[in-house]
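Trainee: I would like to learn how to read a protein model, one feature at a time. Please give me the general idea before each case.

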Amino acid sequence: ARAMWANGARCLARPLSSLAAPAVLVLVDQSKRAKSIDCETLQAALVQTPVGTASNRSFRRRLEGDFSPASPSRGSVLEAVKQNWEALKDAPAELHADREIVLEAARQHSEAMKYAEQQLRADREIMMEAAKIHWEAMKYASEELRKDPEVMLQVVRQNGMALQYAGEDIRKNRAIVLAAVQQKGDALKFAADSLRQDREVVKQAVRQSQSAFVFAADALREDSDLLVAAGWQGGW
């Protein structure tokens, strides 16, 4: 008997010379699927194309293609993602743009957005679900959402450090920056220069975190009231 392996498919055949056309060779792969092929055709292909040649490799690729595993169905991927968001990583590319599947993954882990297609990174509902899990999901958000005052206000209230992912105009928005530094004083680092010179903004930041003082404008670092607010009784 002659044995031939092709991409996990085991092919068993009697010596080809003893088979008369139109004898049929049956190829059986590991999943019990069978494929028949005319042995005269197979013999001609194998005999006339020595192993290692381009033609032989081409024939093997065609043969192996018949045993390529089928892509998982959408339903099976959705069920897998419901069990573990990481199933999204290995899902077929087109399912990375499937809203229901990505939303399910985003509700489990913020890093799921790393594998989402761009149009879903601009989806407010999906991004907010991911941000609820962890504010750093905003690093995957579209530019449009990073510029959205309503979105960013909600996220910085959860964690002020999300201000670092905000658009330039958001970093100039006094109300949003105040909300950010009240939640996390060190978010002052990501505020626009004009707001790092704003006495009230800096005061709120240093009240929350003494270390925020290093991000204040130079002119405010000697302000006695701010030093007291930060707990620096003896000066800076």
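This is a predicted model: local features need pLDDT of at least 70, side-chain atom pairs count only at pLDDT 80 or more; totals for chains, interfaces and linings use all residues.

Trainee: How many helices and strands does the chain have?

Mentor: Helices (H or I, at least four residues) and strands (E, at least two) are DSSP runs, numbered from the N terminus. The chain has 13 helices and four strands. Of its 236 residues, 42% are buried, where buried means under 20% relative accessible area, exposed means over 50%, and partly exposed lies in between (1.4 Å probe, protein chains only).

Trainee: How do I describe two packed helices?

Mentor: Two packed helices are described by the angle between their axes and the distance between the axes. Axes are lines fitted to C-alpha atoms, for helices over the stretch in contact, and angles run from 0 to 180 degrees between N-to-C directions. Here helix H4 (residues 99–106) packs with helix H6 (residues 124–133) at about 15°, and their axes are 8 Å apart. That makes H4 roughly parallel to H6; angles under 35 degrees count as roughly parallel, over 145 as roughly antiparallel, 65 to 115 as roughly perpendicular and the rest as oblique.

Trainee: Which residues of H4 and H6 meet?

Mentor: Contact means heavy atoms within 4.5 Å. From H4, Arg99, Val102, Leu103 and Ala106 meet Glu125, Ile126, Glu129, Ala130 and Ile133 of H6. By class, this contact has six nonpolar, no polar and three charged residues. Ala, Val, Leu, Ile, Met, Phe, Trp, Tyr, Cys and Pro count as nonpolar, Asp, Glu, Lys and Arg as charged, and the others, Gly among them, as polar.

Trainee: Which residues of H4 are buried, and what covers them?

Mentor: The buried residues of H4 are Ile101, Val102, Leu103, Ala105 and Ala106. Their cover includes helix H3 (74–83), helix H5 (118–121) and H6.

Trainee: What is the arrangement of H6 and helix H8?

Mentor: H6 and helix H8 (residues 149–158) pack at about 10°, with axes 11 Å apart. H6 and H8 are therefore roughly parallel to each other. Arg124, Met128, Ala131 and Lys132 of H6 make the contact with Glu150, Val151, Gln154, Val155 and Gln158 of H8. The residues of this contact divide into four nonpolar, two polar and three charged.

Trainee: Is His96 buried or exposed?

Mentor: His96 is in the loop between H3 and H4. His96 counts as buried because its relative accessibility is 11%. Leaving aside neighbours within four places in sequence, its contacts include Val102, Tyr115 and Leu120. The His96 side chain also reaches the backbone oxygen of Ala91 at 3.2 Å.

Trainee: What does the side chain of Glu86 contact?

Mentor: A polar contact is a pair of N or O atoms within 3.5 Å; within protein, one must be able to donate a hydrogen and the other to accept it, and residues adjacent in sequence count only if both atoms are side-chain atoms. The side chain of Glu86 makes a polar contact with that of Lys89 (2.9 Å). Glu86 is found in the loop between H3 and H4, and at 36% relative accessibility Glu86 counts as partly exposed.

Technical notes. Residues are numbered from 1 along each chain as its sequence is written. Side-chain values use heavy atoms; hydrogens and water are left out.
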